[in-house]
Amino acid sequence: MTEPHGGKESITIYDNRISGTLPKAWGPSADGASGLSSLQGLSLSQNLISGTLPSEWSRLRASHLNLASNWFTGTLPASWEHMKAARLVQVAECLLSGTLPASWGQLMYMRELSMSSNAISGYIPPGWTQRL
């Protein structure tokens with residue numbers, strides 16, 4: 001974990017027995033003043049975290065978000081289209097369901113999206129393939 005200017009740049013806590021839900025308060029407010037607004041990377045993979053993926057995280061500025069191999073349920077939040085800095089999002093091996101949000105096609109800096117081993121259904125929205 002690194003701490004530039006008193007804030008956390010990256011948090012990595014993987015392969016433990018961390019349980020509970022993701023705190024909605026970690027998502028910054030619209031003005032970026034609260035939450036983990038300076039966070040660049042978050043890795044909480046291979047834990048026992050449950051609940052839904054918080055829509056409040058839609059304004060995180062993190063470029064890397066690894067939440068794979070947990071017990072998340074629900075759908076992929078359409079509001080995460082606002083994660084404009086996201087380059088890597090990993091939510092593989094969870095219990096997610098629903099369809100692929102068409103709005104995620106607007107994540108122009110996304111380089112890797114890993115969602116394998118979930119119960120995602122439907123089709124691949126046209127906006128997802130425009131940058132291939």
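Two residues are in contact when heavy atoms of one lie within 4.5 Å of the other. Keep that cut-off in mind as you look at this predicted model.

Start with Ser 45. Which residues does Ser 45 touch, leaving out those up to four places away in sequence? There are two runs of numbers to find. Ile 13, Tyr 14 and Asp 15 are among its contacts. Ser 45 itself sits in the loop between E3 and E4. Is Ser 45 buried or exposed? Its relative accessible area is 8%. Buried means under 20%, so Ser 45 counts as buried.

Now follow the chain into strand E4, residues 48-51. E4 has bridges to E2 and to E6. Three bridges join E4 to E2, and these two strands run parallel. Find Thr 21 to see one of them: its bridge partner in E4 is Ser 50. Two bridges join E4 to E6, which covers residues 71-72. E4 and E6 also run parallel. Here Gly 51 has Phe 72 as its bridge partner in E6.

Next, turn to the aromatic rings. A pair of rings is described by two things: the distance of the centres and the angle of the planes. Rings pair if their centres lie within 6.5 Å, and planes under 30 degrees apart count as stacked. How many aromatic pairs does this rule give? The count is three.

Take Trp 26 and Trp 57. Their ring centres are 5.9 Å apart and their planes meet at 20°, so this pair is stacked. The pair links distant parts of the chain, 31 residues apart. Trp 26 lies in the loop between E2 and E3, while Trp 57 lies in the loop between E4 and E5. Their surroundings can be compared through accessible area. Trp 26 has a relative accessible area of 28%, so it is partly exposed. Trp 57 has a value of 0%, so it is buried.

Another stacked pair is formed by Trp 104 and Trp 128. Their centres are 6.4 Å apart, with 5° between the planes.

Finally, look for Trp 80. Ring pairs link Trp 80, Trp 104 and Trp 128 into a cluster.

Conventions. Residues are numbered from 1 along each chain as its sequence is written. This is a predicted model: local features need pLDDT of at least 70, side-chain atom pairs count only at pLDDT 80 or more; totals for chains, interfaces and linings use all residues. Side-chain values use heavy atoms; hydrogens and water are left out. Rings of Phe, Tyr and Trp (its six-membered ring) pair if their centres lie within 6.5 Å; planes under 30 degrees apart count as stacked, over 60 as edge-to-face and the rest as tilted. Helices (H or I, at least four residues) and strands (E, at least two) are DSSP runs, numbered from the N terminus. Buried means under 20% relative accessible area, exposed over 50%, partly exposed in between (1.4 Å probe, protein chains only). Two strands pair if DSSP finds at least two bridges between them.
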